[in-house]
Amino acid sequence: MIPQKFEYTAPKTLDEALLLLAAGAKPLAGGMSLIPMMKLRLAAPEHLVDLGKLKDLNYIRETDGTLHIGATTTHAEIESSPILRKKCPLLAETAAAIGDVQVRNMGTIGGSVAHADPAADYPAALQALEAKLALKGAKSDRIVAAADFFVDAFTTALQPNEIIREVIVPVEAAGTGTSYQKMFHPASGFAIVGIAARVRKKAGNIALVRIGVTGLSNRPYRAATAEKALEGKLGSATEIQNAAALVAKGVDANSDLHASAEYRRHLAVVHAARALMTALARTA
Amino acid sequence: MATTMTQTETFVGKRVRRREDPRLITGTATYVEDIQMPGMHYAVIVRSPHAAARIRSIKTKQAEAAPGVVAVYTGKDTERVGPVPCGASLPGLRVPHHHVLATDRVYFVGHPVAVVVATDRYLARDAADLVEVDYDVLPAVADPEKALAKGAPAVHPEWPDNTAFTFHQEGGDVDKAFAEADLVVKQRMTSQRLIPMALETRGVVAEWRGADRQLNLYTSTQIPHLVRTLVAQMLSLEENRMRVVTPEVGGGFGSKLNVYAEEALMGFVAMKINKPVKWIESRRENFLCTIHGRGHVDYYEVAAKRDGTILGIKLKIIQDLGAYHQLLTPAIPTLSVLMMPGLYKTKNVRADIVGVFTNCMPTDAYRGAGRPEATHGIERMVDLLADELKMDPAEIRLKNFVGKDEFPYATATGLMYDSGDYAAPLKKALEIVGYQKLRQEQIEARKQGKWMGIGISTYGEICAIGPSPATPAGGWESATVKIEPSGKVTVMTGACPHGQGEETTFAQITADELGVGLDDVLVIRGDTAIVQYGIGTFGSRATAIGGTALYFALQDLKAKIKKFGAMLLESEDVTFSAGQVTCNRTGKSKSLQEIAGASYRALKLPPETEPGLLATRFWEPPNFTFPFGAHIVVSDIDGETGQIKIRRYVAVDDCGNMINPLLVDGQVHGGVAQGLGQALWEQVVYDDNGQLVTGELMDYAVPRAHMMPWIENDHTTTPSPVNPLGVKGVGEAGTIGCSPAVVNSVVDALSPLGVRHIDMPLTPEKIWKLIAGGN
């Protein structure tokens, strides 16, 4: 478990970091995925730029009705953030469901999202929240919707030398309830399937439903058909079941030692129903 | 002048906190990895990526030329190093020659092929990638039943049937029992391969002092003296020129009850380069190259009468041995055979073992070693029988238990159970869990479509392994007690406890016998240059045998102390208690401190008595000990996902007298964790090519703290007559009692669906499929 030789730089500013990245260095954040891969020699970057120590990427702020979370904010910071717990509880709840205490203390939202593990937890929430990601390179600064960011397993819209600067999520409107429900992988703690749900009620009816799915396939996605099936309804148990039954429709489900494709699809339906039910209960 | 200080506090039987914990908790303990020496070199082992292959050539030039590299050795260089030893002997056993480095062929993924030695561990690891091995890949077989099939690839070409041995044992009249039976229940079941997963991987530091012809070997082992004897043989070195030191051991669970290729290999390297060399096993290597546990396929048949009386048991074990025999590999399933009747009276048993070579890492002793497999088997079969007869699982057990007035009890497998009251822990556990009420609740739960199960396991086990004729290397244990001139007491135990807590329990025994304080006693272990020869810690033996050796050494010393006390008090009529010898006539006394001082000063000696206070005992036990107990698991199953939640875990264990109930509970907790691991989560999976699929902690699910249920511990106490302490052993009980209780509970929950058996681990998907299929 000894990595190949590499250079390590811990720059003091983001600009300095971006210059090093432009020169071909690889970004290191919390190291929860990259370091194990390097120890197994599955990854062998020649130069690591440690973003984890950059103070200017570690923040949680509210501006103009949106919440901005710096890329190197740890899962533990997100989980325990009073602002997020109040204004975007789905993200805090999702962070609390990641791995274990040690991982949450070290791992960062930017690192996790950029790594794009198909079983990671955040992508479900980011899809449901219709989050945006601010990406930054030495000469670029752009915003990409979460829906467009995740391309495939471990593949994202990030250009080489670009990093995630911040994650942007909405302040949850009144009458919205949210929930993240997952089946834990017994070894890794990742999501075998994870479902993030947002439900907004207006005048007794369900006005908005957003469902983010992770773990089921190589790409996290929004279950739009299921969302539509529930919007405008009252939210009875049957209506929720019927909507949940649509979350895995037409999805090419992953299969491995711990869960077959068939079981994963079933879990997606079960957890969608539970997430929707819980979210609905929280609208009150 | 007599001191007035007396020590009247006693410690045996009390929940004394572990004296080893402060250094462990504060991170100041010394493990092999912590050992630093001037001029230390580092070794990295090049291992086979294939499960079966011929080695066409190995090119080492590039690696040798790499920065920092001082040597690269291959199988050609180490041919004269003796084979990795197999200590077990069975009639007709086929023993493949197990070189420390592969010569012309590799037999499993991870098989050591070359060793790279450099001045720095990073440089050594980089250079390892430069060793070029040209393999001619061959077909492999990783499943023991497939290995027995006609036309299967031969693991060792000289034995195309892949059979290392067959073993048969029979007691009573099995054919008659089965002929007379009202019913026979049959079940195939598996006890899957497991990774022992010590937190500390293996590691070796070897230091050769050429001028003195002295090899110092620091290794993380459970058996330092046996390692010395066997590795000295492998290296053709005089045994007294070798010192084995076992610093702190971060878990063994049987995986370090072994002699590994790397131990001899590091000795070889140190002697070659004349510099100290360190090898620390990576976690990946630990998965691939430290022994695995279990690996059984069992075929059971149990014959019974309609009233539930068990008449006979037939068992066929297919044991996955892996590619080689490690120290005890072929012996492990024979322990299952010994234990196959469990706590039940039946005198008619027949067992057959087929030991099968596969292209996998060898299996060997892992917590319980053969006994969890046997207990799982019989406890599942008894539940199947109860189900067939519509009897309550508690009732059928109570009906078949060996009665408490039948001890010592000769089993059909040739054991002599020492003492027992098997109904007592079961009745206590039933009461604690509220069994009748739970059964009522279950009826209601089923009406509401809920899946709730209650599972019972009543286990027996073989501890205090064991009398020497039953073991390959001697089954006694040793202890030396020295009372220093100041009166302080040093205990040296040959048992080499390594985290089980004997630094505390042996101090408790010593303090009570000598009437001194706990802090007056120091327990030393794990250095062959300091401690007299010993066997080691495994098979729940350290306290029952090592503690007894200590007890007898203390009796020797007490007699001698009394003699010195009598001399000093000028009286024959004396008593030794509470740390002083007192004249029964005058009431005058001499403290242990005064007596110790006088014994070393030796101005005057009692008749026929030597100076000093030191005693050594080697104690040979007349029998094993046989602890027992009852575990009850209440589980709730999420019918939608198949997730199992353990609502209650009640463990009532009887391990004889308890020196320290706190440590007993700790052992049960740890044992249960590993039992739950097997029952619910853990499994070693090799694919058809012999590649280890579950080779990382991201894939192999060991229980974490948050996955553990609350364990309700209780005890009954039936002292063992085998040793004067009345102790039996508890190191493996939790593991042995656990897995059948869990599986019985889940099968009970799903029994309305007609589910009779589920193989471990009980993954949610398996459970969901049963429920979805049944609905």
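Is Asp307(B) buried, partly exposed or exposed? Asp307(B) counts as partly exposed, at 38% relative accessibility. On this scale, buried means under 20% relative accessible area, exposed means over 50%, and partly exposed lies in between, with a 1.4 Å probe and protein chains only.

Good morning. Before I continue, please note that this is a predicted model, in which local features need pLDDT of at least 70 and side-chain atom pairs count only at pLDDT 80 or more, while totals for chains, interfaces and linings use all residues. Residues are numbered from 1 along each chain as its sequence is written, chains are lettered from A and ligands numbered from 1 in the order in which they are written, and side-chain values use heavy atoms, leaving out hydrogens and water.

Let us stay with Asp307(B). Its side chain meets that of Lys399(B) in a salt bridge, at 3.8 Å from N to O. A salt bridge is a side-chain nitrogen of Lys or Arg within 4 Å of a carboxyl oxygen of Asp or Glu. Asp307(B) lies in the loop between strand S13 (296–304) and strand S14 (310–322) of chain B, and Lys399(B) in helix H11 (393–400), so the pair ties together parts that are 92 residues apart in sequence. Helices (H or I, at least four residues) and strands (E, at least two) are DSSP runs, numbered from the N terminus. Lys399(B) is also partly exposed, at 37% relative accessibility.

Over all chains, the structure holds 68 salt bridges. One of them, in chain A, joins Glu130(A) to Arg222(A), with the closest N and O atoms 3.2 Å apart. Glu130(A) sits in the loop between helix H8 (122–128) and strand S6 (132–136) of chain A, and Arg222(A) in strand S14 (221–222), so this pair ties together parts 92 residues apart in sequence. Glu130(A) is partly exposed at 37%, and Arg222(A) is partly exposed at 29%. Both belong to a network of salt bridges that also links Arg210(A), Glu227(A) and Glu231(A).

I turn now to the interface. How many residues of chain B are in contact with chain A? There are 28, and they are in contact with 23 residues of chain A, where contact means heavy atoms within 4.5 Å. The area buried between the two chains is about 2,100 Å², of which carbon and sulfur atoms give 59%. Buried area is the accessible area (1.4 Å probe) that two parts lose on being put together, summed over both. Four salt bridges are counted between chain B and chain A. Among the salt bridges is that of Arg274(A) with Asp638(B), at 2.8 Å from N to O. On the side of chain B that touches chain A, the elements giving two or more residues are helix H3 (121–128), helix H8 (283–289) and helix H19 (764–774) of chain B.

Beyond four places away in sequence, Val115(B) touches residues including Ala43(B), Tyr73(B), Leu101(B) and Met266(B). In soluble globular proteins, nonpolar side chains tend to be buried together.

Thank you for your attention.
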